[in-house]
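I opened this model to look up its overall build, a few annotated positions and some local backbone features. My entries follow in the order in which I looked.

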Amino acid sequence: MNKQSIYGLTLEQLTAWLAQYGHKKFRAAQVWDWLYRKRVTNFSEMSDVNQDCIELLAEHFAITTMSEHVKQESADGTIKFLFKLQDGNLIETVLMRHKYGLSVCVTTQVGCNIGCSFCASGLLAKSRDLSSGEIVEQIMQVQLHLDEAKQDEKVSHVVVMGIGEPFDNFNNLVDFLNVIKDHKGLAIGPRRITVSTSGLADKIYEFTDMNLQVNLAISLHAPNNELRTRIMKINRAIPIEKLMQAIQYYLDKTKRRVTMEYILLKDVNDRKEHALELVDLIRDMRDLASVNLIPYNPVDEHSQYQRSEQQSVREFYDILKQHGINSSVRLEHGTDIDAACGQLRSKQIRVS
Ligand code: SF4
């Protein structure tokens, strides 16, 4: 039987689990240190932990549960990993190099049911949620890869923007966030973590109330219901008005910034009138909301969409700026590899 990864337990959960077997609190702290600071991949390497405890852990947990299946490295240093899970499923994780540090984009589900029409993963329906351990392990696998290179590099930022809708796997997402934030472990500051949702409004309220201090991004992609429903099926169930109310609640309660992700599709949502409509939609929240424009990365699976002309991207950006909306155009990473979300995985599944 496959064992679950110990990375899925928060420090509190690990402490409580060990306490059931009579182990004191300091034992959990020792194990935690071996996992996240010394980063061993075998329980037997935890040299100051007593043998009983090591045997107990090894009986119930694994440390690593996934293996590297494919790795693609881009000229700009972006690395795309395809990991094979214990059940044979494949998931993608991406390491990106920025001026401000190293960020990792993690996957939260095997496949996705949201059905965004521009996304390679939208073609592969969700077969299951990832466990919290499998989400944490993606970061650890990347960190172990960096450790091997001995350049003293550390994952500093995390974006939950890979395959899957993180709010559709809410409890595991929250455990994952609590593990990677823990200051005795990976200690990734909450302000360096961003969770992106397609707009599950109920979960935005729940997420807000948990006060996790991590950043929120919304995959908006269109300024009106007609267009958004065409691009993202989810908008039929959760229309823009409902989504905007939830975002307003988040802003009022947290006073934190929210990023609206907007993928630019040529002649679909990239015209001047769309930019003006977007201004109207977020005008009242512009002190805290910013727009991240993402030039579309063409994927073979969705030939109906093309990349916007540079001129259209510029004009769209200028209109937002002129109306006082904080905006940026996303820098691209890994354009020479299968960089679009889900592209590498869907290619591998097609050839296998
Ligand atoms: S863009 Fe994200 S939410 Fe939409 S189908 Fe792809 S993986 Fe799912």
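**Entry 1: the whole chain**

What share of the contacts in the protein with a separation of 6 or more comes from residues 24 or more positions apart? I found 66%, where two residues are in contact if their C-beta atoms, placed from the backbone, lie within 7 Å.

I note that this is a predicted model, in which local features need pLDDT of at least 70, side-chain atom pairs count only at pLDDT 80 or more, and totals for chains, interfaces and linings use all residues. Residues are numbered from 1 along each chain as its sequence is written.

I listed twelve helices and 14 strands; helices (H or I, at least four residues) and strands (E, at least two) are DSSP runs, numbered from the N terminus. The radius of gyration is 21 Å, close to the 20 Å that the globule rule gives for 352 residues, so the protein is as compact as a globular protein of that length. That radius is taken over C-alpha atoms, and the globule rule is 2.2 Å times the number of residues to the power 0.38. Along the principal axes, the C-alpha atoms fill a box of roughly 70 × 45 × 35 Å.

I then checked burial: 41% of the 352 residues count as buried. A residue is buried if 20 or more other C-beta atoms (placed from the backbone) lie within 10 Å of its own, exposed if 12 or fewer, and partly exposed in between.

**Entry 2: annotated positions**

I looked up the UniProt record, an unreviewed entry, and it places "active site" at E92 and C341. The positions are in the numbering used here, feature names are shortened, and annotations may be inferred rather than shown by experiment.

E92 lies in strand β5 (residues 90-98). I count E92 as buried, because 25 other C-beta atoms lie within 10 Å.

G164 sits in the loop between β9 (155-160) and α5 (170-181). G164 is buried too, with 29 other C-beta atoms within 10 Å. Not counting residues up to four places away in sequence, G164 touches T107, T108, Q109, C112 and N169.

S196 belongs to strand β10 (residues 193-197). With 20 other C-beta atoms within 10 Å, S196 is buried. Its contacts, leaving aside neighbours within four places in sequence, are V159, V160, M161, A217, S219 and E261.

H221 is in the loop between β11 and α7 (225-231). Is H221 buried or exposed? H221 counts as buried, because it has 24 C-beta neighbours inside 10 Å. I also noted that its phi is near 65°, a positive value in a residue other than glycine. Most residues other than glycine have a negative phi.

C105 is in strand β6 (residues 101-105). C105 has 24 C-beta neighbours inside 10 Å and so counts as buried. Beyond four places in sequence, C105 touches T93, V94, M96, V159, M161 and G162.

Which members of the largest nonpolar core touch the most other members? I got V104, I139 and I180, out of 89 residues. Such a core is a set of buried Ala, Val, Leu, Ile, Met, Phe, Trp, Tyr and Cys residues joined through C-beta atoms within 7 Å. I180 is in contact with V136, I139, V158, L186 and I188, leaving aside neighbours within four places in sequence.

I followed strand β3 (residues 67-73) and strand β4 (residues 79-84), which pair in the antiparallel sense over six bridges. Strands pair if DSSP finds at least two bridges between them. S67 stands opposite K84 in β4. The two strands form a hairpin with five residues between them, and G77 in the turn has a positive phi of about 95°.

T41 is in the loop between α2 (25-36) and α3 (51-60). T41 counts as exposed, with 12 C-beta neighbours inside 10 Å. Outside four places in sequence, T41 touches I63 and T64.

N211 lies in the loop between α6 (201-210) and β11 (215-219). N211 counts as exposed, with 11 C-beta neighbours inside 10 Å, and its phi is positive, near 50°.
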